[in-house]
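Reader: I am new to this structure and would like to know what stands behind the words used for it. Please show it to me before I ask.

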Amino acid sequence: MTIKVLITEDHELYRDGLRLLLEEAIPGMEVIEAEDFPGALEALSRHPDIALMLLDIQLPGTRGLDGLRDIKTCYPALSVVVVSTIDHHASIQQMLQLGADGFIAKTSSRAVMVRALRDVMAGESVIIGGQEGHHTPSLPPRQLATLELMALGLSNKEIAAQLTISPATVREYVSDLLVRFDCANRTQAVLKARRLGYILD
(Lines give C-alpha, C1' and ligand atoms only; values in the text may rest on other atoms or scores of the structure.)
Protein backbone atom coordinates (compact mmCIF):
# COMPACT_ATOMS: atom_id res chain seq x y z
CA MET A 1 0.00 0.00 0.00
CA THR A 2 1.30 3.46 -0.93
CA ILE A 3 2.23 5.68 2.00
CA LYS A 4 0.56 9.10 1.87
CA VAL A 5 2.28 12.14 3.34
CA LEU A 6 0.70 15.60 3.65
CA ILE A 7 2.96 18.64 3.40
CA THR A 8 1.31 21.73 4.86
CA GLU A 9 3.46 24.73 4.00
CA ASP A 10 2.55 28.13 2.55
CA HIS A 11 5.87 28.81 0.79
CA GLU A 12 5.95 27.02 -2.56
CA LEU A 13 9.75 26.86 -2.72
CA TYR A 14 10.04 25.19 0.69
CA ARG A 15 7.13 22.90 -0.15
CA ASP A 16 9.02 21.76 -3.26
CA GLY A 17 12.14 21.18 -1.17
CA LEU A 18 10.26 19.08 1.37
CA ARG A 19 8.76 17.00 -1.43
CA LEU A 20 12.23 16.24 -2.82
CA LEU A 21 13.48 15.30 0.67
CA LEU A 22 10.50 13.00 1.18
CA GLU A 23 11.07 11.31 -2.16
CA GLU A 24 14.64 10.61 -1.10
CA ALA A 25 13.73 9.51 2.42
CA ILE A 26 10.64 7.43 1.58
CA PRO A 27 10.78 6.18 -2.02
CA GLY A 28 7.41 5.39 -3.59
CA MET A 29 5.21 7.40 -1.23
CA GLU A 30 2.46 9.77 -2.41
CA VAL A 31 2.83 13.44 -1.50
CA ILE A 32 -0.24 15.61 -0.95
CA GLU A 33 0.20 19.35 -0.51
CA ALA A 34 -1.71 22.17 1.19
CA GLU A 35 -0.72 25.83 1.30
CA ASP A 36 -3.04 26.96 4.10
CA PHE A 37 -4.94 25.55 7.06
CA PRO A 38 -8.34 25.16 5.35
CA GLY A 39 -6.55 23.31 2.54
CA ALA A 40 -4.92 21.01 5.10
CA LEU A 41 -8.29 20.15 6.66
CA GLU A 42 -9.75 19.49 3.21
CA ALA A 43 -6.84 17.19 2.32
CA LEU A 44 -7.24 15.24 5.58
CA SER A 45 -10.95 14.86 4.88
CA ARG A 46 -10.35 13.64 1.31
CA HIS A 47 -7.50 11.30 2.28
CA PRO A 48 -8.32 9.61 5.62
CA ASP A 49 -5.40 7.22 5.04
CA ILE A 50 -2.69 9.92 5.29
CA ALA A 51 0.07 8.40 7.44
CA LEU A 52 2.16 11.50 8.16
CA MET A 53 1.59 15.24 8.20
CA LEU A 54 4.45 17.73 8.01
CA LEU A 55 3.03 20.91 9.49
CA ASP A 56 4.32 24.47 9.45
CA ILE A 57 2.38 26.04 12.31
CA GLN A 58 2.71 29.55 10.82
CA LEU A 59 -0.02 28.98 8.26
CA PRO A 60 -2.65 31.26 6.75
CA GLY A 61 -6.01 30.41 8.27
CA THR A 62 -4.85 29.66 11.79
CA ARG A 63 -3.07 31.35 14.71
CA GLY A 64 -0.28 30.21 16.99
CA LEU A 65 -0.69 26.59 17.98
CA ASP A 66 -4.45 26.50 17.31
CA GLY A 67 -3.97 24.58 14.07
CA LEU A 68 -1.93 21.84 15.70
CA ARG A 69 -4.41 21.64 18.58
CA ASP A 70 -7.37 21.33 16.16
CA ILE A 71 -5.71 18.66 14.02
CA LYS A 72 -4.71 16.48 16.96
CA THR A 73 -8.20 16.84 18.42
CA CYS A 74 -9.88 15.75 15.16
CA TYR A 75 -7.22 13.22 14.10
CA PRO A 76 -5.56 11.93 17.30
CA ALA A 77 -4.03 8.90 15.55
CA LEU A 78 -2.42 10.97 12.77
CA SER A 79 1.35 11.33 13.03
CA VAL A 80 2.11 15.07 12.93
CA VAL A 81 5.65 16.42 12.74
CA VAL A 82 6.08 20.19 12.98
CA VAL A 83 8.62 21.64 10.53
CA SER A 84 9.16 25.27 11.49
CA THR A 85 11.54 28.18 11.98
CA ILE A 86 10.05 28.60 15.48
CA ASP A 87 12.51 26.43 17.39
CA HIS A 88 12.55 27.87 20.91
CA HIS A 89 12.72 25.09 23.48
CA ALA A 90 9.58 26.44 25.17
CA SER A 91 7.63 26.44 21.90
CA ILE A 92 8.69 22.88 21.07
CA GLN A 93 7.59 21.70 24.52
CA GLN A 94 4.16 23.25 23.96
CA MET A 95 3.86 21.52 20.57
CA LEU A 96 4.70 18.16 22.12
CA GLN A 97 2.19 18.75 24.94
CA LEU A 98 -0.48 19.33 22.29
CA GLY A 99 0.30 15.99 20.70
CA ALA A 100 2.94 16.70 18.04
CA ASP A 101 4.86 13.51 17.29
CA GLY A 102 8.06 15.35 16.48
CA PHE A 103 9.76 18.61 15.56
CA ILE A 104 12.29 19.42 12.85
CA ALA A 105 13.81 22.90 12.60
CA LYS A 106 13.74 24.36 9.10
CA THR A 107 17.37 25.29 9.57
CA SER A 108 18.35 21.59 9.66
CA SER A 109 20.68 20.31 6.95
CA ARG A 110 19.43 18.13 4.09
CA ALA A 111 21.11 15.02 5.50
CA VAL A 112 19.63 15.61 8.97
CA MET A 113 16.17 16.17 7.47
CA VAL A 114 16.29 12.94 5.43
CA ARG A 115 17.45 10.91 8.44
CA ALA A 116 14.77 12.49 10.64
CA LEU A 117 12.01 11.70 8.13
CA ARG A 118 13.14 8.08 7.91
CA ASP A 119 13.16 7.84 11.70
CA VAL A 120 9.65 9.30 11.88
CA MET A 121 8.31 6.76 9.38
CA ALA A 122 9.98 4.03 11.43
CA GLY A 123 7.83 5.11 14.37
CA GLU A 124 10.46 7.08 16.29
CA SER A 125 9.88 10.43 17.95
CA VAL A 126 12.22 13.03 16.47
CA ILE A 127 13.06 16.41 17.99
CA ILE A 128 15.64 18.43 16.07
CA GLY A 129 15.86 22.04 17.22
CA GLY A 130 18.07 24.73 15.79
CA GLN A 131 18.90 26.46 19.08
CA GLU A 132 21.37 24.18 20.78
CA GLY A 133 22.28 24.84 24.38
CA HIS A 134 19.39 27.21 25.09
CA HIS A 135 16.76 25.56 27.25
CA THR A 136 13.79 27.09 29.01
CA PRO A 137 11.56 25.16 31.41
CA SER A 138 8.04 24.23 30.38
CA LEU A 139 5.14 25.89 32.19
CA PRO A 140 2.24 24.05 33.84
CA PRO A 141 -0.86 24.19 31.55
CA ARG A 142 -2.82 26.60 33.79
CA GLN A 143 0.11 29.02 34.09
CA LEU A 144 0.61 28.88 30.33
CA ALA A 145 -3.09 29.60 29.77
CA THR A 146 -2.85 32.51 32.20
CA LEU A 147 0.16 33.86 30.33
CA GLU A 148 -1.64 33.65 26.98
CA LEU A 149 -4.65 35.53 28.39
CA MET A 150 -2.32 38.12 29.92
CA ALA A 151 -0.93 38.64 26.42
CA LEU A 152 -4.47 39.42 25.22
CA GLY A 153 -4.69 42.17 27.84
CA LEU A 154 -7.23 40.48 30.10
CA SER A 155 -7.47 41.48 33.75
CA ASN A 156 -7.08 38.97 36.60
CA LYS A 157 -10.87 38.91 37.01
CA GLU A 158 -11.40 38.23 33.29
CA ILE A 159 -8.72 35.52 33.30
CA ALA A 160 -10.38 33.90 36.30
CA ALA A 161 -13.70 33.83 34.45
CA GLN A 162 -12.11 32.36 31.32
CA LEU A 163 -10.31 29.61 33.21
CA THR A 164 -13.10 29.09 35.77
CA ILE A 165 -10.73 29.60 38.70
CA SER A 166 -10.70 32.17 41.50
CA PRO A 167 -9.11 35.63 41.08
CA ALA A 168 -6.85 34.75 44.03
CA THR A 169 -5.49 31.75 42.08
CA VAL A 170 -4.90 33.97 39.05
CA ARG A 171 -2.98 36.45 41.23
CA GLU A 172 -0.84 33.57 42.43
CA TYR A 173 -0.18 32.41 38.86
CA VAL A 174 0.70 35.95 37.74
CA SER A 175 3.09 36.36 40.69
CA ASP A 176 4.75 33.05 39.86
CA LEU A 177 5.13 34.13 36.23
CA LEU A 178 6.72 37.45 37.21
CA VAL A 179 9.23 35.58 39.37
CA ARG A 180 9.89 32.95 36.69
CA PHE A 181 10.58 35.59 34.04
CA ASP A 182 12.33 37.91 36.50
CA CYS A 183 10.07 40.83 35.53
CA ALA A 184 8.55 43.69 37.49
CA ASN A 185 5.18 43.77 35.74
CA ARG A 186 2.82 41.91 33.42
CA THR A 187 3.87 43.80 30.27
CA GLN A 188 7.53 42.91 30.74
CA ALA A 189 6.61 39.28 31.45
CA VAL A 190 4.54 39.03 28.25
CA LEU A 191 7.31 40.59 26.16
CA LYS A 192 9.91 38.22 27.60
CA ALA A 193 7.60 35.22 27.17
CA ARG A 194 7.15 36.11 23.49
CA ARG A 195 10.90 36.40 23.02
CA LEU A 196 11.48 32.99 24.62
CA GLY A 197 8.77 31.32 22.56
CA TYR A 198 6.12 30.71 25.24
CA ILE A 199 3.61 32.85 23.34
CA LEU A 200 3.15 32.35 19.61
CA ASP A 201 1.06 34.94 17.74
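Reader: What does a side-chain oxygen of aspartate 36 reach at the start of H2?

Author: The model is a predicted one. In it, this oxygen of aspartate 36 comes to within 2.8 Å of the backbone nitrogen of glycine 39. A polar contact is a pair of N or O atoms within 3.5 Å, so this pair of atoms falls inside that cut-off.

Reader: Why are the buried residues of H2 said to line one face of the helix?

Author: The buried residues of helix H2 (residues 37-46) are Phe37, Gly39, Ala40, Ala43 and Leu44. Viewed down the axis of H2, they fall within an arc of 155°, so they line one face. Ser45 and Arg46 are exposed and sit on the face turned away from the buried side. Among what covers the buried residues are strand E1 (4-8), strand E2 (30-34), strand E3 (52-55) and H3.

Reader: Why is aspartate 119 called partly exposed?

Author: Its relative accessibility is 25%. Buried means under 20% and exposed means over 50%, so aspartate 119 belongs in between. Aspartate 119 is located in helix H5 (residues 110-121). Not counting residues up to four places away in sequence, aspartate 119 touches Glu124 and Val126.

Reader: What makes up the lining of the largest pocket?

Author: The lining has 15 residues, and Arg63, Asp66, Glu148, Ile199 and Leu200 lie nearest the centre of the pocket. The lining residues divide into 7 nonpolar, 2 polar and 6 charged. H6 gives the largest share, 3 residues. The space in this pocket is about 240 Å³.

Notes
Residues are numbered from 1 along each chain as its sequence is written. This is a predicted model: local features need pLDDT of at least 70, side-chain atom pairs count only at pLDDT 80 or more; totals for chains, interfaces and linings use all residues. Side-chain values use heavy atoms; hydrogens and water are left out. Helices (H or I, at least four residues) and strands (E, at least two) are DSSP runs, numbered from the N terminus. Buried means under 20% relative accessible area, exposed over 50%, partly exposed in between (1.4 Å probe, protein chains only). Contact means heavy atoms within 4.5 Å. On a 1 Å grid over the protein atoms alone, a cavity is a set of points where a 1.4 Å probe fits but cannot get out, and a pocket is an open set with protein on both sides within 12 Å along at least five of seven lines; lining residues have an atom within 4 Å of a point. Grid points are joined across faces, edges and corners, and a volume is the space filled by probe spheres set on the points. Ala, Val, Leu, Ile, Met, Phe, Trp, Tyr, Cys and Pro count as nonpolar, Asp, Glu, Lys and Arg as charged, and the others, Gly among them, as polar. The arc is that of the directions from the helix axis to the C-beta atoms. A polar contact is a pair of N or O atoms within 3.5 Å; within protein, one must be able to donate a hydrogen and the other to accept it, and residues adjacent in sequence count only if both atoms are side-chain atoms.
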